[in-house]
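Colleague: I am new to this structure and would like to learn how to read it. Could we go through it feature by feature?

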Amino acid sequence: MQNINQEGLLCKINSPDDLKALAEEDLDKLCHELRNYIISILSSNPGHLASSLGTVELTVALHYVYNVPQDCLVWDVGHQAYAHKVLTGRRKAFEDIRKLNGPSGFPRMSESVYDSFGTGHSSTSISAALAMAIADNLNGKQAHHIAVIGDGSMTGGMAFEALNHAGSTEADLLVILNDNGISIDKQVGALSQYLTKITTSSTYNRLKNKIWNILGGNTDTYSKHKTIFKKASFAFKSLFSGKSNFFEALNIRYFGPIDGNDVHTLVKTLSDLKNIKGPKLLHIITKKGKGLDAAENNPTKYHAPGLFNPLTGEIDKKNTEKDNIPKFQDVFGETLVELAKAHDNIAGITPAMLSGCSMNKLQAVFPQRTFDVGIAEQHAVCLAAGFATRGIIPFCNVYSSFLQRAYDQIIHDIALQNLHVVLAIDRSGLVGEDGATHHGAFDLAYLRCIPNITIAVPSDEHDLRNMMFTATEHNGPFAIRYPRGKGYLTDWKNPMHKIEIGKGVRARQGKDIAILTIGVCLHTAKKAADILAKEGIEAAVYDFKFLKPLDEELAKEALSEHKYVITLEDGCITGGFGSAIAEFATACKMQNLIFRMGIPDKFIEHGSVAQLQALCHTDTESVVNTAKQILSSDSHFSTQTFD
């Protein structure tokens, strides 16, 4: 960890008040120290690097000009808020960011009064900040309200809905559009092209600045000549952007674009805008990864690079070691290419996670059949439904926690119409350091209650490939959910074949207790059974493979042959796999003692996956201990769970 120079500025900043005490000419030095501190910490404690490096100057300027937390500052997503955490009393704690019991990688209201709103998913900042502005007005409170949203997050429909509402109000709202041309992967869509057109119109920007300077270049003269400036500015925007300004068409005053990595320009502009009432948008241009050449040149790779050399940016070879065991996402990506080669009606859809879900592999071979729709999960899922009506088989890949945003589309647009859509649900279960906003805890429960849908849960790479193959031939909604990270097999590229839907297998014989699993929890159960066997306890292990339809024959076999039953899943305990088994047992009037193990009924913090599994009692040791307790004294364990 870096020891902050005791003669530097950053070591003296314990709150925004300390920052405000600096002379403006010292801000460049502070930005340099702050950026180096973030690089140093994240080089040995991995986190989201490039996004936060790009917003150092903006963060310093915001806290220099505004009076947070009295003024409300809402960061969209939170990838870009590391500098904010360091400057708001969490500098020392920042060394443990994303570690168990350390600060979250995202803003959290429970963590600091300076975090006005918790943001782990995108496109929410404008809605939240607008609500705060309206509420403060109703309460008679004078405050400023700032939403910092990236150009990638602006593609989310919720952001447009909020802008539409904001334009009809007089709310004291400043939206800062952080335009760096990239979210994780390269930006897509018409909005990105539109922002580029505004940004690169040098004639428009030159004339706009001349008008501003003619009117005095400050808010006092702006107020006197506001109407003239607005009309002239709007006219030039229309002339040089080729169309009317989108934001001003919504009655939101547009300012910029300006250099978002120039702290002095930011301080001056924010100071001016502070005195302009009503909803307004400041368009800033920043460099993602600024200050680390490697991150500037490859911001996608350095979005969250893992361990790296803080001086050169070279990524630690341990991060990229080859052991012939691929990540589940890569198995999905390569298998999708194989299937697309065999079926010319297969297409891929992803909401801005092209490289994250490895659909870039399909794009490289079939670019015309690959659709990155930006951060727009609802649109992605409905687009898949529309494709299905025309004979296209869409593989729509969405991270588990992000798919929650498209729940209505899953029900109404896909399941209700019984359309042939394959939902590839990546990052299921506990994902680790990203924490509560990103754990894929709820997918099994929220999908299980939907009619018409098949829910497949592979335990390894062979299962995943066979389920994808089967999904291409199944005429109806088909969901496949799999975890983040590496799989289990070196010989993973098996010849694919169609499997029987709704059928699981007994993976291990045993007479004393049955462990019923779904998905990768099979491996935990097998390890537990091996340990139990050394202590003379025979545990049978069942791999169900499908949550819906449930293999009722296999369930009846397990329940009939074993009084004591454990169900193990990496989803929420309420409404998931264990609930399905318990419901089946009740319907069949079976009197088993069933103990459900899974993610408890609470939001799980951030930490390593192994640490979180231990906290949730879904690790091998917990399964072993639970089995031994049940067998030694069953009176307290009937259909119970851990809190």
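Modeller: Start with the terms for helix packing. Axes are lines fitted to C-alpha atoms, for helices over the stretch in contact, and angles run from 0 to 180 degrees between N-to-C directions. Helices (H or I, at least four residues) and strands (E, at least two) are DSSP runs, numbered from the N terminus. As for the source, this is a predicted model in which local features need pLDDT of at least 70 and side-chain atom pairs count only at pLDDT 80 or more, while totals for chains, interfaces and linings use all residues. Residues are numbered from 1 along each chain as its sequence is written, and side-chain values use heavy atoms, with hydrogens and water left out.

Colleague: How many helices and strands are there in the chain?

Modeller: The chain has 26 helices and 17 strands. Of its 643 residues, 59% are buried; buried means under 20% relative accessible area, exposed over 50%, and partly exposed in between (1.4 Å probe, protein chains only).

Colleague: At what angle do helix H2 and helix H5 pack?

Modeller: Two packed helices are described by the angle between their axes and the distance between the axes. For H2 (residues 27-44) and H5 (residues 82-90), the angle is about 105° and the axes are 10 Å apart. H2 is therefore roughly perpendicular to H5; angles under 35 degrees count as roughly parallel, over 145 as roughly antiparallel, 65 to 115 as roughly perpendicular and the rest as oblique. On the H2 side the contact (heavy atoms within 4.5 Å) is made by Leu34, Tyr37, Ile38 and Leu42, and on the H5 side by Tyr82, Ala83, Val86 and Leu87. By class, this contact has eight nonpolar, no polar and no charged residues. Here Ala, Val, Leu, Ile, Met, Phe, Trp, Tyr, Cys and Pro count as nonpolar, Asp, Glu, Lys and Arg as charged, and the others, Gly among them, as polar.

Colleague: Which residues make the contact between H23 and H24?

Modeller: First the geometry: the axes of H23 (residues 552-561) and H24 come within 11 Å and cross at roughly 75°, so these two helices are roughly perpendicular to each other. Glu552, Ala555, Lys556 and Leu559 of H23 meet Ile581, Phe584 and Ala585 of H24. The classes in this contact are five nonpolar, no polar and two charged residues.

Colleague: Now the sheets. In what order do the seven strands of the open sheet stand?

Modeller: Strands of a sheet pair through backbone hydrogen bonds, either parallel or antiparallel. Two strands pair if DSSP finds at least two bridges between them. The seven strands follow the order E7-E6-E8-E9-E11-E10-E15, with mixed pairing. Strand E7 (370-372) and strand E15 (546-548) are the edges, each pairing on one side only. On average, neighbouring strands are turned by 20° against each other, direction ignored. E10 (residues 454-456) and E15 run antiparallel and are joined by two bridges, with Phe546 as the bridge partner of Ala456. Helix H21 (residues 461-473) lies across E6, E8, E9, E10 and E11, at about 165° to E11.

Colleague: Which strands stand at the edges of the five-stranded open sheet?

Modeller: Its order is E12-E14-E13-E16-E17, again with mixed pairing. E12 (505-508) and E17 (593-599) are at the edges; each has a single partner strand, so one side of each is left without a neighbour in the sheet. The twist from one strand to the next averages 25°. E12 and E14 (residues 539-543) pair in the antiparallel sense over three bridges, and Arg506 stands opposite Tyr542 in E14. Helix H24 (residues 577-587) lies across E13, E16 and E17, at about 140° to E16.

Colleague: How many disulfides does the structure hold?

Modeller: A disulfide is a covalent bond between the sulfur atoms of two cysteines. The structure holds zero disulfides, where the test is a pair of cysteine sulfur atoms within 2.5 Å. Cys11 is buried at 15% relative accessible area, and Cys31 is buried at 3%.

Colleague: Is Asp443 buried or exposed?

Modeller: Asp443 is buried, with a relative accessible area of 0%. This residue is in helix H20 (residues 443-448). Not counting residues up to four places away in sequence, Asp443 touches Ser400, Ile425, Ser428 and Arg481.

Colleague: Where is Pro549 found?

Modeller: Pro549 is in the loop between E15 and H23, and a cis peptide bond with omega about 0° joins Lys548 to Pro549.
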